[in-house]
Amino acid sequence: MKTTKLLIPTQKEVPNDAKIISHQLMIRAGLISKLALGLYSYLPIGIRVLQKVENIIRQEMNKSGAQEVLMPIVQPAELWKESGRWDKYGAELLRFTDRHQREFCLGPTHEEVITHLAMQYLRSYKQLPMNFYQIQTKFRDEIRPRFGVIRMREFIMKDAYSFHLDDASLQETYEVMYKTYCDIFNRLGLDYRIVLADSGSIGGDASHEFHVLADSGEDTICFSDESDYAANIEKVTFSKQEKTCQSTTVESKVLTKEKTSIEDVSKFLNVKEVNCVKILIIKTKDGFKALALRGDHELNEIKIHNLFGDFEFSTNNEIKNLGLKKGFIGIKNLDIDLIVDYSASVLCDFVCGANEYNYHLIGVNWKGIKFINADLRNAVDGDYSPDGKGKLMIKRGIEVGHIFQLGTKYSSVMKANVIGESGKAVTITMGCYGIGVTRIIAAFIEQNHDDKGIIFSQAIAPFQIVIVPINYNKSTRVKALADKLYQQFIKASIDVLLDDRKEHVGIMFADSELLGIPHRMVISDTHADNGNVEYKARNKTNKIEIKFDDALSFIQSKMI
């Protein structure tokens with residue numbers, strides 16, 4: 001491809017609404033163009049990268065034995081009502097009616113459609129297991145689209161769905177897909193972690209997420225510094241602890257004036273937050289509950305949901321009606337159930353509210369307090385790893401893949417059955433496996449960039465090499481050599497860009513670096529004289545001279 005025949009709208013200025021580096025560089029390098037909030041067009045350079053990502057995914061999915069299909073993005077409401085998600089999914093599901101007033105939605109996911117497909121064509125246990133995948137556009141009406149293509153409303157996903165006679169078969173395919181995902185992300189050149197995860201709105205049992213480590217990530221992941229343990233912060237669990245401290249002080253009440261936050265109280269009393277206990281009041285289907293955590297810990301809402309089901313944080317009026325004083329709630333004289341986090345329950349001589357305005361208690365202990373012990377909190381950096389090996393490190397991650405063991409969540413309610421060996425109907429067991437295709441590009445850039453632009457790997461770069469001929473349109477010798485090298489690369493199936501523009505060489509260099517093209521060769525009149533070309537790798541600072549006649553074999557050696 002020649003630059004003059006290609007739309008490459010590079011720009012120097014950073015867009016005002018681009019907050020993270022991948023968003024900035026994708027706009028500046030001309031990969032994408034914003035149409036509306038959460039909606040982007042992929043431009044020619046971006047499409048080349050996107051297709052290379054898709055091809056790697058497709059190759060590895062095919063290798064795994066999965067079969068490619070393509071399902072409609074427009075889905076009938078009947079299927080979603082059948083699964084029970086039409087009303088439960090929420091505002092992200094874009095609903096509309098057609099000219100006949102029939103209800104439809106734009107698919108944010110395809111569990112209902114693929115289950116309906118399986119019902120039509122999978123009749124016997126002899127057809128199982130079977131795994132179908134697609135690379136398709138999705139639409140989720142996000143309340144806050146942000147970070148460019150990391151969180152869009154319209155995006156491209158690879159989603160796969162497997163069908164099985166039993167859990168043992170599902171486990172086998174789950175392990176195959178686990179390995180397949182590793183192969184995909186390794187080929188893409190991503191630094192990632194695999195973590196235990198919550199299944200969220202998709203539902204199901206076992207679940208793993210694949211996270212690219214990046215400071216801009218929306219997810220918090222925890223992993224041991226001594227083992228392979230890794231989990232989303234929502235899934236890190238802790239066990240009951242043995243109490244080792246002994247009380248050394250007498251409990252007393254102190255005036256804390258208007259200090260209501262743990263931070264303010266700890267500073268005022270000159271104690272560490274770890275030696276404070278905070279109380280949160282929630283409302284559940286079984287009534288109000290008081291949750292006690294160590295002052296330096298945060299509540300894990302997933303764990304609370306798993307304990308009590310749906311819940312809400314109590315309002316100020318509800319707290320007042322319980323006879324409690326917001327900002328000064330303590331563990332004593334409570335008329336509601338008290339649930340205490342494991343780490344808080346082993347504290348001695350701690351600080352908590354006095355259930356009286358402007359007062360806290362110091363030197364408090366648990367003796368005589370009736371409570372239930374439970375795991376309520378999020379992990380913090382330095383916690384002991386749940387597997388007993390090392391301590392936890394906490395990093396930000398961008399989720400690029402997620403695999404689920406769905407079980408019969410959809411097949412049972414939609415009556416997706418096959419005839420089993422006994423001749424009786426058996427409910428199909430399902431697995432679900434997703435990859436955020438468009439998100440991968442942004443995640444890669446977050447990990448691979450410098451102050452000059454993107455640093456693409458050969459696997460997904462828009463071009464493998466760029467030829468920069470100095471004075472191409474003025475020097476017949478330079479033009480002849482550049483054209484000859486260009487044709488050699490094309491015949492060798494090397495993805496090459498020839499910069500044939502009438503631009504200053506500095507602009508051509510800057511654009512090639514912004515685009516992240518892995519290899520660059522420069523040809524000038526000097527090179528025409530000495531029979532050399534100048535070579536530079538995008539991820540290196542040094543330049544080298546090589547013989548023109550060796551240029552093709554040199555680059556081919558780099559492609560291995």
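**The sheet and its helices**

Modeller: Gladly! Helix H11 (residues 476-491) lies across strand E27 (465-469), E28 and E29, and runs at about 170° to E27. Helix H12 packs on the sheet as well, touching E27, E29 and E30, with its direction at about 175° to that of E27. Touching here is contact, meaning heavy atoms within 4.5 Å. Axes are lines fitted to C-alpha atoms, for helices over the stretch in contact, and angles between N-to-C directions run from 0 to 180 degrees. The names come from DSSP runs, numbered from the N terminus: helices (H or I) have at least four residues and strands (E) at least two.

A word on the basis: this is a predicted model, in which local features need pLDDT of at least 70 and side-chain atom pairs count only at pLDDT 80 or more, while totals for chains, interfaces and linings use all residues. Residues are numbered from 1 along each chain as its sequence is written, and side-chain values use heavy atoms, with hydrogens and water left out.

Now the sheet itself. This open sheet has 5 strands in the order E28-E27-E29-E30-E31, with mixed pairing. Strand E28 (496-498) and strand E31 (543-547) are at the edges with a single partner strand each, so one side of each has no neighbour in the sheet. On average, neighbouring strands are turned by 25° against each other, direction ignored. Two strands count as paired if DSSP finds at least two bridges between them. Strand E29 (residues 519-523) and strand E30 (residues 532-537) run antiparallel and are joined by 4 bridges. One of the residues to look for is Arg520, whose bridge partner in E30 is Lys536.

Lys452 forms one with Glu513, their closest N and O atoms being 3.8 Å apart. Lys452 lies in the loop between strand E25 (449-450) and strand E26 (453-454) and Glu513 in helix H12 (residues 505-515), so the pair ties together parts 61 residues apart in sequence. Glu513 is buried at 11% relative accessible area, whereas Lys452 is partly exposed at 42%. Buried means under 20% relative accessible area, exposed over 50%, and partly exposed in between (1.4 Å probe, protein chains only).

The model has 36 salt bridges by this rule. Among them is Glu60 with Arg187, whose closest N and O atoms are 2.9 Å apart. That pair links distant parts of the chain, with Glu60 in helix H2 (residues 44-63) and Arg187 in helix H5 (residues 167-188), 127 residues apart. Glu60 is buried at 5%, while Arg187 is partly exposed at 36%. Elsewhere, a network of salt bridges links Glu142, Arg146, Arg151 and Glu218.

Rings of Phe, Tyr and Trp (its six-membered ring) pair if their centres lie within 6.5 Å; planes under 30 degrees apart are stacked, over 60 edge-to-face, and the rest tilted. There are 15 aromatic pairs by this rule. The ring centres of Trp80 and Tyr89 are 5.5 Å apart with planes at 85°, so this pair is edge-to-face. Both Trp80 and Tyr89 are buried. Ring pairs also join Tyr178, Tyr181, Phe185, Tyr192 and Phe210 into a cluster.

Notes:
A salt bridge is a side-chain nitrogen of Lys or Arg within 4 Å of a carboxyl oxygen of Asp or Glu.
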